[in-house]
Amino acid sequence: MSLPQASRTRMFVELVPWADRSRENNLVSGGETLPIPRHPLSSAQAQTSAREVHVSGAAEVSASPDRAQVAVRVSSTKEAAAEAKKSVCRRLDYITQSLQQQGLQAENVTVTKDFRRVENAYHMEAEVCITFAEFGKMQNICNFLVEKLDSSVVISQPQFYHTPGSVENLRRQACLVAVENAWRKAQEVCNLVGQTLGKPLLIKEEETKEWEGQIDDHQSSKLSSSLTVQQKIKSATIHAASKVFLTFEVKGKEKKKRHL
C-alpha cells in the first residue's frame, strides 16, 4: 500500500532577513538551497539587520465605451440641379433642428455635402455625423428620425469607441488596484505573524495586458451588423490587467511601556 503523495504548496510571500538575501540566488529545483558559507552576525548587526516581505499583486479592470458615433445620410437625384439641392437641404435642415432641440451641442455634429452630375441628372448627398456621450439619447434620436423621415434617409449602426483619456485612466487604475491588493496581502501576513508592516522598498509592475471585448465575441464580430446595441457595447468594452511585485520592510511589534 503506497503512501499518498504530499500536495505541493505555492509560496506567495516570504519574510527574508537582509543578511540572508544571498539565499534567493542559490535556489535549486524543489525549493532546496545550495550550501553557502555563513558568517555569524555580531550583536550589533543582528539588531540593525532589516527584514523584508515580498508579495505579488494582480488586478483586472474594465471600462465600457464612453462615446458612440452615428451617421445620417440624405440623398436625392433630380434632372434639375436646384431640385436636387432643395430636396436634400429641406431634410437636412429638419435633421439639424431636431438635434438642436434634443440638446446636442454644435461641436458634436459634423455635416458634409457632396454634389455631382450622374449621366443626365444631378445627385446630391449629405451626411450628418453625430457623436453621443449618452447612449439612451442616441437611441431616442435615431428612432425619432426613422419615424419622421422617409426611406431615402439612411441611419448607420452606432460605432462605439473610447476617448484616449479613458483608456489611459483604465491602465493606471489596473496598476493602482494591483498595488493595493499586494499591500493588503503584506499587511495581513504581517498581522498573522505578529509583525508590523514598514515602508515599501520596491514597487515593480511586472506585466500589463489589455484586450477588447470578450473571447466569445471574436466569432460574432464578422456579423457586427446583426448585433444588438448591448452586444456592441460589450464587444467594445476594454479590459486591462496588471501584475506587480512589492517589497516591504518588516518591523517588530513595539512593546507598550508600563507607567508606574
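Biologist: Let's start with one residue. Which strand is His-239 found in?

Modeller: His-239 is in strand E9, which covers residues 238-252. Keep in mind that this is a predicted model.

Biologist: Is His-239 buried or exposed?

Modeller: Buried: its relative accessibility is 8%, and the cut-off for buried is under 20%. Across the protein chain, 28% of the 260 residues count as buried.

Biologist: And how far is His-239 from Val-167, in sequence and in space?

Modeller: They're 72 residues apart in sequence, yet their C-alpha atoms are 9.4 Å apart. Val-167 is one of the buried residues of helix H4. For the chain as a whole, take contacts between residues at least 6 apart in sequence: 81% of them join residues at least 24 apart.

Biologist: What does the secondary structure of the protein chain come to?

Modeller: Six helices and nine strands.

Biologist: Now the helices. How do I read which way a helix residue points?

Modeller: The general idea is that an α-helix has 3.6 residues a turn, so residues three or four places apart point the same way. Now try H3. Its buried residues are Phe-135, Met-138, Ile-141, Cys-142 and Leu-145. Down the axis of H3 they fall within an arc of 120°, so they line one face of the helix.

Biologist: Which exposed residues does the face of H3 turned away from its buried side carry?

Modeller: Asn-140, Asn-143 and Glu-147.

Biologist: What do the buried residues of H3 pack against?

Modeller: Their partners include strand E3 (67-78), helix H2 (81-101), strand E5 (121-132) and helix H6 (229-235).

Biologist: How far does H2 reach from its first C-alpha to its last?

Modeller: H2 has 21 residues and reaches 30 Å, close to the 30 Å expected at 1.5 Å a residue. H4, with 29 residues, reaches 43 Å, close to an expected 42 Å.

Biologist: On to the rings. How many aromatic pairs does a search of the whole structure find?

Modeller: Two. A pair of aromatic rings is described by the distance of the centres and the angle of the planes. For Phe-115 and Tyr-122, the centres are 5.8 Å apart and the planes are at 5°, so this pair is stacked. For Phe-135 and Phe-160, the centres are 5.0 Å apart with the planes at 80°, so that pair is edge-to-face.

Biologist: Which parts does the Phe-135 and Phe-160 pair tie together?

Modeller: Phe-135 lies in H3 and Phe-160 in strand E7 (residues 159-161), so the pair joins parts 25 residues apart in sequence. Phe-135 is buried at 18% relative accessible area, and Phe-160 is buried at 11%.

Biologist: And what lies over the face of Phe-115?

Modeller: Lys-85, at 4.9 Å from the ring centre. Phe-115 itself counts as partly exposed, at 36% relative accessibility.

Technical notes:
Residues are numbered from 1 along each chain as its sequence is written. This is a predicted model: local features need pLDDT of at least 70, side-chain atom pairs count only at pLDDT 80 or more; totals for chains, interfaces and linings use all residues. Side-chain values use heavy atoms; hydrogens and water are left out. Helices (H or I, at least four residues) and strands (E, at least two) are DSSP runs, numbered from the N terminus. Buried means under 20% relative accessible area, exposed over 50%, partly exposed in between (1.4 Å probe, protein chains only). Contact means heavy atoms within 4.5 Å. Rings of Phe, Tyr and Trp (its six-membered ring) pair if their centres lie within 6.5 Å; planes under 30 degrees apart count as stacked, over 60 as edge-to-face and the rest as tilted. A charge sits over a ring if NZ of Lys or CZ of Arg is within 6 Å of the ring centre and within 35 degrees of the ring normal. The arc is that of the directions from the helix axis to the C-beta atoms. The expected span of a helix is 1.5 Å times one less than its number of residues.
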